[in-house]
Amino acid sequence: MNKLVFLIFTLLISNLLIGQDRKIPPEATEIWEPVPRKVDPGSDNATPPSDAIVLFGGNDLSEWESAGKDGGEAKWEVKDGIFTVVPKTGAIKTKKEFGSCQLHIEWRSPQEIVGEGQGRGNSGIFLMSKYEVQVLDSYESKTYSNGQAASIYKQSIPLVNAMRPPSEWEVYDIIFNAPKFNKDGILKSPASVTIFHNGVLVQNNFELKGPTEYNRIPIYEPHPEKMPIILQDHGNPVSFRNIWIRDLE
C-alpha cells in the first residue's frame with residue numbers, strides 16, 4: 001500500500017469512526033515500504049557518513065577552484081590538515097554543484113585578534129553561490145545581529161550566540177532546501193535552512209527572502225537547480241577543515 005492510498009484509507013476509516021470507538025487494527029497504520037537505505041553514520045565529527053562527498057579531508061583543495069571569472073587553481077593555503085584564506089586571492093568554490101544538501105563544515109577565526117565587528121574573522125559560506133551563512137568572530141565582538149556568526153546574512157538573526165573562543169574550532173551543520181521554480185521561472189517554494197552551531201540549534205527552518213544582498217532588498221530570480229558552494233575571501237585569514245556534504249536531491 002503506497003502512502004497516498006494509506007492516507008486516503010486512514011481518512012475514510014477516521015470519518016466512519018467519528019463518535020465511535022476509533023480503534024483499528026495496528027497493521028492498518030504500518031508502512032513497510034520504502035525501506036530506508038543503510039548509511040554508516042561515522043563515529044564522530046571527524047568521520048563523515050558513508051554516503052557523504054568529502055570536500056576537504058585535510059590534504060589538498062582538489063575539490064575546489066577559484067571563484068573568479070576565469071576559474072583556475074584555488075590559491076588558499078593548505079597546511080597541517082587545514083586550509084586558510086589567503087587574503088586578496090579571491091573566493092573559492094566547489095567544482096561540483098549542489099542544491100538541497102546537508103553540509104558539515106568546521107572553521108576557526110584567526111588566532112591573532114584584529115579589528116572589530118565585520119572586520120574580525122570574516123568569511124562566509126554561500127550555498128548555491130547565492131545564500132550566505134555568515135562566518136565571523138562573534139565571541140566577544142559587537143556587530144549587527146543579522147550579520148553575526150551563524151546568521152543568514154542580513155536576513156535572519158541566530159537564535160543564540162553559540163561561539164567558542166577564537167582559539168577553538170567552530171562547527172556548522174547545515175540542512176539546506178533549495179528554492180524551486182516552475183517552468184516560467186516563477187518561485188514555487190523558497191529556500192529554507194536549519195543550522196546547528198556547535199551542536200546548538202541556531203536557525204530553525206528559516207525561509208530565505210531571496211539571495212543574500214548587502215544593500216538591496218532580496219528578490220528571487222530563477223537559477224539552476226544545482227550550483228557550487230562558495231567560501232568568501234573577506235580579507236581575514238579564517239581557517240577551515242573537515243568539510244563534507246550529503247546531496248539531498
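Val200 has a relative accessibility of 36% and so counts as partly exposed; buried means under 20% relative accessible area, exposed over 50%, and partly exposed in between (1.4 Å probe, protein chains only).

The model is predicted, so local features need pLDDT of at least 70 and side-chain atom pairs count only at pLDDT 80 or more, while totals for chains, interfaces and linings use all residues. Residues are numbered from 1 along each chain as its sequence is written, and side-chain values use heavy atoms, with hydrogens and water left out.

The protein chain holds 1 helix and 15 strands; helices (H or I, at least four residues) and strands (E, at least two) are DSSP runs, numbered from the N terminus. Along the principal axes, the C-alpha atoms fill a box of roughly 70 × 40 × 40 Å. Of the 249 residues in the protein chain, 43% are buried.

An open sheet is formed by 5 strands in the order E2-E5-E14-E7-E8, with antiparallel pairing. Its edge strands, E2 (64-66) and E8, each pair on one side only. Two strands pair if DSSP finds at least two bridges between them. Within this sheet, E7 (residues 123-127) is joined to E8 (residues 131-135) by 5 bridges, the two running antiparallel. Another 2 bridges join E7 to E14, also antiparallel. Phe126 has a bridge partner on either strand: Glu132 in E8 and Ile230 in E14. Ile125, in turn, has Leu231 as its bridge partner in E14. The hairpin of E7 and E8 has 3 residues between the strands, and there Met128 takes a positive phi near 55°.

Strand E7 is mostly covered, with 5 of its 5 residues buried. Ser123, Ile125 and Leu127 are buried on one side, and Gly124 and Phe126 are buried on the other.

Aromatic contacts come next. Rings of Phe, Tyr and Trp (its six-membered ring) pair if their centres lie within 6.5 Å; planes under 30 degrees apart count as stacked, over 60 as edge-to-face and the rest as tilted. By this rule, there are 10 aromatic pairs. Trp107 and Tyr172 are edge-to-face because their ring centres lie 5.7 Å apart and their planes stand at 70°. This pair links distant parts of the chain, 65 residues apart, with Trp107 in E6 (residues 101-108) and Tyr172 in E9 (residues 170-177). Both are buried: Trp107 at 0% relative accessibility and Tyr172 at 0% as well. Phe181 and Tyr220 form another edge-to-face pair, 6.4 Å centre to centre with 70° between the planes. Phe56, Trp64, Trp76, Phe83 and Phe240 form one aromatic cluster.

Charged contacts complete the picture. The structure holds 9 salt bridges, each a side-chain nitrogen of Lys or Arg within 4 Å of a carboxyl oxygen of Asp or Glu. Arg241 and Glu106 meet in one of them (2.8 Å, N to O), linking E15 with E6 across 135 residues. Arg241 is partly exposed at 29% relative accessibility, whereas Glu106 is buried at 4%. Arg120 and Asp137 also form a salt bridge (2.8 Å, N to O); Arg120 is buried at 7% relative accessibility, and Asp137 is buried at 2%. Finally, Arg37, Asp51 and Arg246 are linked in a network of salt bridges.
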